[in-house]
Structure formats: structure tokens, C-alpha cells
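I opened a notebook for this chain today. My plan is to look up one thing at a time and write down what I find.

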Amino acid sequence: QVQLAESGGGLVQAGASLRLSCAASGLTSSGFVLGWFRQAPGKGREFVAAMTWSGSSLKYADSVKGRFTISRENAKNTVVLQMNSLKPDDTAVYYCAARRIRSILYTMDQRDEYEYWGQGTQVTVSS
């Protein structure tokens, strides 16, 4: 029932900004975490940022703190990743993901805990 669809990727110069969107459905009946992960060529899928759908908690990877912001657009049922000061190392396919909150002691940055994934959107940052 949960469906995710990313958009907004593209090719930009280093230092530029990009805004990724994830249209989400089926997230209103229970608690969820919405996260962004990325995968560069030859590397594993790594955590970028996440937020609870309620907005009560936010978490960022150290590599993007101060540059990326995750937020929710309630009216559009969308989670947004605003990426500023982009670096070539940010080049990757970016995925939107969702997981159910099943415990008070839930995590937000563990890839294997996310059940639902979007198709991914390519972000390329040139120097």
C-alpha cells in the first residue's frame, strides 16, 4: 500500500543546490520514518537523512550535516531533500525510503530496516 516516487535529480556544478522530492502514499495510518539513501557507482547504499512522518525527529549523516535538509510538505504528502553546497562526492542515485515505527527505540539510519523504496533519481555533481 505504501508507494514512493522520487524526482528532482539532475546534473549540476559543484556548489550548486538541488531539491529532491518524494511523493508518498499510504503513510497516514501508522507511524513511519521517511529516509533518503544514496548509492554511488561501486559502493553500497548509504544513509543520508531521515525524519519521522510526524516531524518529531530528524537525523542526518555526518557527511551532509549543514548542507542538506529533510522536510515534509503535508499538503502534497511529500518529503523533500534540499541539497545545498553540492560536492562531486554527492554524486549518486538517491532513493527515498520508508519504514514503520515498531518500537519506541526505533532507528532511522539502518538501511535494512526500511521496507519501502522508490525507484531512485540520479544526482550528478561536476567539478
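Is cysteine 96 buried or exposed? I looked up its relative accessibility and found 0%, so cysteine 96 counts as buried. Buried here means under 20% relative accessible area, exposed means over 50%, and partly exposed is in between, with a 1.4 Å probe and protein chains only.

**Ground rules.** I am reading a predicted model, where local features need pLDDT of at least 70, side-chain atom pairs count only at pLDDT 80 or more, and totals for chains, interfaces and linings use all residues. Residues are numbered from 1 along each chain as its sequence is written, and side-chain values use heavy atoms, with hydrogens and water left out.

**Entry: the disulfide.** I asked what cysteine 96 is joined to. A disulfide joins cysteine 96 to cysteine 22, with 2.1 Å from S to S. The term needs two cysteine sulfur atoms within 2.5 Å. I found one disulfide in the structure. It links distant parts of the chain: cysteine 22 lies in strand S3 (residues 18-25) and cysteine 96 in strand S9, 74 residues apart. I then checked the torsion about the S-S bond, which is about -80°, so the disulfide is left-handed. Cysteine 22 is buried too, because its relative accessible area is 0%.

**Entry: the chain as a whole.** I counted zero helices and 11 strands in the protein chain. From the N terminus on, the elements run β-β-β-β-β-β-β-β-β-β-β. Both kinds of element are DSSP runs numbered from the N terminus: helices are H or I with at least four residues, strands are E with at least two. The C-alpha trace spans about 45 × 30 × 25 Å along its principal axes. With 127 residues, a compact globule would have a radius of gyration near 14 Å, and the protein chain agrees because it has 14 Å. That radius is taken over C-alpha atoms, and the globule rule is 2.2 Å times the number of residues to the power 0.38. Of the 127 residues, 41% count as buried. I also looked at contacts between residues at least 6 apart in sequence: 59% of them join residues at least 24 apart. Contact means heavy atoms within 4.5 Å.

**Entry: aromatic rings.** How many aromatic pairs does the structure hold? I found five. Rings of Phe, Tyr and Trp (its six-membered ring) pair if their centres lie within 6.5 Å; planes under 30 degrees apart count as stacked, over 60 as edge-to-face and the rest as tilted. One of the pairs is tyrosine 95 with tryptophan 117, edge-to-face, 6.4 Å centre to centre and 80° between the planes. This pair links distant parts of the chain: tyrosine 95 is in strand S9 and tryptophan 117 in strand S10 (residues 116-117), 22 residues apart. Tyrosine 95 counts as buried because its relative accessibility is 13%. Tryptophan 117 has 27%, so it is partly exposed. I noted a cluster as well: ring pairs link Phe37, Phe47, Tyr95, Tyr114 and Trp117.

**Entry: charges over rings.** Which residue lies over the face of tyrosine 95? I found arginine 45 there, at 3.7 Å from the ring centre. Arginine 72 lies over the face of tryptophan 53, at 3.9 Å from the ring centre. The rule asks for NZ of Lys or CZ of Arg within 6 Å of the ring centre and within 35 degrees of the ring normal.

**Entry: threonine 78.** I placed threonine 78 in strand S8. Its relative accessibility is 8%, so threonine 78 counts as buried. Leaving aside neighbours within four places in sequence, its contacts include Cys22, Trp53 and Arg72.

**Entry: the loop between S8 and S9.** Serine 85 is found in the loop between strand S8 (78-83) and strand S9 (92-100). It has a positive phi of about 50° although it is not a glycine. Serine 85 counts as partly exposed because its relative accessibility is 41%. Threonine 91 is in the loop between S8 and S9. Its side chain reaches the backbone oxygen of proline 88 at 2.9 Å. Not counting residues up to four places away in sequence, threonine 91 touches Ala40, Gln122, Val123, Thr124 and Val125.

**Entry: glycine 8.** I found glycine 8 in the loop between strand S1 (3-7) and strand S2 (10-13). Glycine 8 and leucine 20 are 12 residues apart in sequence and 4.5 Å apart in space, C-alpha to C-alpha.

Technical notes. Polar contact = N/O pair within 3.5 Å; in protein donor to acceptor, adjacent residues only side chain to side chain.
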